[in-house]
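The sequence and the model are shown first.

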Amino acid sequence: MTSRQAGRRIAAGTRRRSRSVRNGTRKGEPLAAKDLRLMLRLVACGGIFVALVAAKLLLPAKMAAFNETLSAAMEQNMDVQAVFSAVGRAFSGEEGGGMGEVYQAVFHPQEGAFQAGAAGTAEAPVKMTTQKATLRDSAALDLLRGFRAEPGAPSGPPEAPGPEGQPASSLAYVLYSQENLPEGVSMEQALLGFDYSAPVAGTLSSGFGYREHPTEGEERFHYGVDLAADTGAEVRCFADGTVTAVGDSSSYGRYCVVAHEGGYSTLYAHCSRVTASSGTAVKRGQKIAEVGETGMATGPHLHFELQREGTYLNPVYYVSAL
Amino acid sequence: MFPPYNIRVSGGFVLLAIWFVLANGWEPLATVLGAAAVHELGHWAVLRMLGAEVTGFRLGVLGAVLETNSRRLSYGGELAAVLAGPAGNLLAAFLLTVLGKGRWPAAVGANLVLCAFNLLPIRPLDGGRALYLLSAWAAGPVAGEAAVRWAGGVTAAALAALIAWVMLRTGGSLWLLPALLASVYWGAMPWHSGGCL
């Protein structure tokens with residue numbers, strides 16, 4: 001291809017000398033430039049391909065890690081539609097969210113999606129919640145990492161509300177006023193407006209709120225409560241609702257999410273198995289899963305979260321009857 | 001009825017669109033493309049009104065470009081043609097708000113975002129072209145060129161930083177990468193031709 005190209009260029013050159021000056025340059029030059037660009041593109045693409053194949057063959061572990069990082073980054077996306085909607089609502093002067101709402105939509109896609117679902121469009125609530133659950137995994141990972149390194153409990157059942165858990169959670173009430181809470185968390189005790197019951201008969205082994213990371217010495221927020229119980233114990237649904245997500249994640253283990261009326265939803269994590277299937281309607285007290293220690297857990301327990309339209313609430317008010 | 005337009009859609013655009021759909025779904029893509037269509041229609045309508053002929057349409061990774069063969073538009077005329085795109089978006093946002101009574105906030109938002117983005121004073125964007133035309137009209141082409149290079153460089157750097165920050169904070173949104181690269185490119189090469197809309 002190159003030699004033929006060169007030949008054509010020479011021919012163009014001679015023609016230019018002998019005959020019309022303009023014709024020769026016009027016909028010859030842009031074609032050569034175009035071909036050269038295509039050649040360069042081909043060489044660049046081929047080079048990248050060869051380099052990636054070589055990297056995969058020579059450093060398979062590094063490549064796999066890179067792959068994982070890249071796919072994680074590719075799955076994290078801001079909710080473009082929610083951002084546009086927030087801008088549009090701010091423009092029409094509706095429910096004065098303004099910049100705050102736009103900011104929320106950009107940086108907290110899961111909550112944005114949640115609210116959009118609750119607002120009534122409800123095209124694919126199941127999909128949305130699943131997405132929400134996976135997106136939240138990174139946050140959950142952090143908090144669950146915080147648990148595992150608990151001193152004095154390297155394995156075995158989670159510790160009773162003793163020396164470690166109790167002072168930390170009461171500290172949370174003293175030190176952390178509403179402004180100091182992480183985003184999307186409320187310490188208020190909401191009136192649910194429907195009947196509910198504790199999901200499992202067990203002891204509270206870890207409360208909702210900040211707790212000090214024992215090894216790194218930093219504060220981590222625990223977005224739910226841990227209820228210690230034996231493996232295989234029945235997990236009963238907190239209230240009437242619909243199972244919106246059943247999943248398996250490295251941090252939550254086997255988990256399921258149930259949506260209730262009024263924009264509330266509950267999450268049940270670390271189950272040994274989830275018996276309810278996604279999309280089905282469930283009643284209060286109905287068995288939906290069994291207690292386990294899947295995911296990042298140091299012993300069999302249920303990690304229970306309560307949300308209202310994307311805001312984490314303290315579930316302890318509703319399970320403390322135990 | 002329509003002149004034989006030379007329409008080109010680059011492979012990069014198709015790839016980016018597919019990526020965007022995979023990352024965000026069909027709905028946002030339709031919203032964005034709708035707003036972009038309104039934008040280009042604004043340019044096209046004013047160009048036609050001014051008697052300029054639109055010869056081609058290119059759809060690339062960095063956006064849509066109308067090609068016109070008329071280089072004889074007055075400063076005022078070209079300014080009107082340049083601003084017609086963002087104005088079209090603004091008009092669409094108003095109409096959608098008034099007619100929809102809040103039913104299509106996403107479409108309104110997309111039009112507003114597109115309008116605001118295109119009004120950034122970075123050259124290949126409408127804002128940069130308008131800035132050049134205005135300052136060249138008022139103080140001559142040399143001053144216009146200087147103004148647009150300075151404003152474009154600074155704004156493009158700020159835009160690149162903003163996009164990078166959003167990508168970092170959201171921990172992804174990698175489909176913004178072309179926009180990031182584009183703003184770096186625009187900022188680093190403020191002299192490249194502005195002969196498009």
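The sections below describe chain B, then a sheet and the cysteines.

## Basis of the model

This is a predicted model, in which local features need pLDDT of at least 70 and side-chain atom pairs count only at pLDDT 80 or more, while totals for chains, interfaces and linings use all residues. Residues are numbered from 1 along each chain as its sequence is written, chains are lettered from A and ligands numbered from 1 in the order in which they are written, and side-chain values use heavy atoms, with hydrogens and water left out.

## Chain B in outline

Chain B contains seven helices and three strands. Helices here are DSSP runs of H or I with at least four residues, and strands are runs of E with at least two, both numbered from the N terminus. Starting at the N terminus, the order of elements in chain B is β-α-α-β-β-α-α-α-α-α.

Of the 197 residues in chain B, 45% are buried. Buried means under 20% relative accessible area, exposed means over 50%, and partly exposed lies in between, with a 1.4 Å probe and protein chains only. A contact means heavy atoms within 4.5 Å. Among the contacts in chain B between residues at least 6 apart in sequence, 62% join residues at least 24 apart.

## The sheet of chain B

The strands of chain B form an open sheet in the order β1-β2-β3, with mixed pairing. Its edge strands, β1 (6-9) and β3 (63-68) of chain B, each pair on one side only. On average, neighbouring strands of this sheet are turned by 10° against each other, direction ignored. Angles run from 0 to 180 degrees between N-to-C directions, and axes are lines fitted to C-alpha atoms, for helices over the stretch in contact.

Two strands pair if DSSP finds at least two bridges between them. β1(B) pairs with β2 (residues 54-60) of chain B in the parallel sense, over four bridges. In this pairing, B:V9 stands opposite B:L59 in β2(B). Helix α2 (residues 26-49) of chain B packs on the sheet and touches β2 and β3 of chain B; its direction makes about 10° with that of β3(B).

## Helices of chain B

Helices α5 (residues 126-139) and α6(B) of chain B pack at an angle of about 150°, and their axes are 7 Å apart. Residues of α5(B) that meet α6(B) include B:G128, B:L131 and B:Y132.

Helix α7 (residues 177-188) of chain B has twelve residues. Its buried residues are B:P178, B:L180, B:A182, B:S183 and B:W186. These buried residues of α7(B) pack against α1 (11-24), α4 (105-118) and α6 (141-170) of chain B.

## A sheet in chain A

Chain A has an open sheet of three strands in the order β5-β11-β9, with antiparallel pairing. The edge strands β5 (234-236) and β9 (273-274) of chain A each pair on one side only. β9(A) pairs with β11 (residues 287-290) of chain A in the antiparallel sense over two bridges. The bridge partner of A:V274 in β11(A) is A:A289.

## Cysteines

How many disulfides are there over all chains? A search of the whole structure finds zero, a disulfide being a pair of cysteine sulfur atoms within 2.5 Å. For A:C237, the nearest cysteine sulfur is that of A:C256, 7.6 Å away. A:C237 counts as buried, at 0% relative accessibility. B:C115 is buried, with a relative accessible area of 8%.

Conventions:
Expected span 1.5 Å × (residues − 1).
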